[in-house]
Amino acid sequence: MAALLSCATEIRNGIQTHIKKTENIEKIIERKHGRTEMQETSIPSLKYDLRRSKRKADEMITEVKRMKTEETDRITRLEQHVEQTKEGFKTEMAVMRNQLTDTQNELMEMKTALHTGQTAYNFEKDLATYIYPPGTSITFGRIFSTMMKWLQDNKDTPEGREGNKKWNALKRKFKWSNKHEQVFFKMLKCRRKPAHPKVDYKLPIPDNFSKDEERYVEDIRKMTIRVNELVGLPNPNLNS
């Protein structure tokens, strides 16, 4: 586009130069021979042709400038579109990063809660195995509280005295206090939320279930909702 404009401008300037030279020749002939002889020459015709060519060159330059303006406008619009797309992409990426950060934070919170709660559970389970007489079956539930009651109720039996001896030695070593016990029960509660999340029955079924098995999963979901309704518990809506 720039080369075409330069070429047209060069042609126009060349024609303009020739027109001026022709006008100078006219003046010379007129001074020497008079206007009558000058009119009989081909100079006026040549001058006319040159001026017509100049007009065409001017038109060419105008058209080239118009095309250049249109091309510039098109490029500007394209650049604006690209910039808007980039800004939209940046905004979308920022939202995705925030969502990812929130998810990562949620997963980390869940992980720390599970590990903290599992630590408390391991403590009471392993402690019970250590305190109770060998071969005692450890049942799930209130393991620590049940063990404390057993130690109190059996403090005068050989097994109870041995258990209390072990427990008292541990308490002295780690300076166990009522605050330890309060924090222990708080640690146990950390498992409840991630281990028992609020169920969303509309979530997709995991990929390791076959299409046939998915139908049974849906039946169990619906049955769960119905049972909750029968016992008066609130239920989320399930799409039929």
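**Surface, helix faces and salt bridges in the predicted model**

Val 231 sits in the segment that comes after α8 (211–230), where helices (H or I, at least four residues) and strands (E, at least two) are DSSP runs, numbered from the N terminus. The model described here is predicted, with local features needing pLDDT of at least 70 and side-chain atom pairs counting only at pLDDT 80 or more, while totals for chains, interfaces and linings use all residues. Residues are numbered from 1 along each chain as its sequence is written, and side-chain values use heavy atoms, with hydrogens and water left out.

With a relative accessibility of 56%, Val 231 is exposed; the term buried stands for under 20% relative accessible area, exposed for over 50%, and partly exposed for values in between (1.4 Å probe, protein chains only).

Helix α8 itself has 20 residues and spans 29 Å from its first C-alpha to its last, close to the 28 Å expected at 1.5 Å a residue (the expected span is 1.5 Å times one less than the number of residues). Its buried residues are Val 217, Arg 221, Ile 225 and Asn 228. Viewed down the axis of α8, these buried residues fall within an arc of 75 degrees, so they line one face of the helix; the arc is that of the directions from the helix axis to the C-beta atoms. The face turned away from the buried side of α8 carries the exposed residues Ile 220, Met 223 and Leu 230. Gly 232 follows α8 and has a positive phi, near 85 degrees.

Most residues other than glycine have a negative phi. Lys 175 belongs to the loop between α5 (158–174) and α6 (178–189) and, at 69% relative accessibility, is exposed.

Glu 124, by contrast, is buried at 3% relative accessible area and lies in helix α3 (residues 43–131). Neighbours within four places in sequence aside, Glu 124 contacts Gly 141, Ile 143, Phe 144, Phe 184 and Leu 188, contact meaning heavy atoms within 4.5 Å. In the loop between α3 and α4 (143–153) is Pro 133, partly exposed at 23% relative accessibility. Pro 133 touches Trp 150 and Glu 159, residues up to four places away in sequence not being counted. Pro 133 and Glu 162 are 29 residues apart in sequence, with their C-alpha atoms 8.4 Å apart in space.

Turning to charged pairs, the structure holds seven salt bridges, each a side-chain nitrogen of Lys or Arg within 4 Å of a carboxyl oxygen of Asp or Glu. Among them, Arg 66 pairs with Glu 70, the closest N and O atoms being 2.3 Å apart. Arg 66 and Glu 70 are four residues apart in helix α3, about one helical turn. Also in α3, Glu 87 and Lys 90 are three residues apart, and their closest N and O atoms are 3.9 Å apart. In α8, Arg 215 and Asp 212 are likewise three residues apart, with a closest N and O separation of 3.6 Å.
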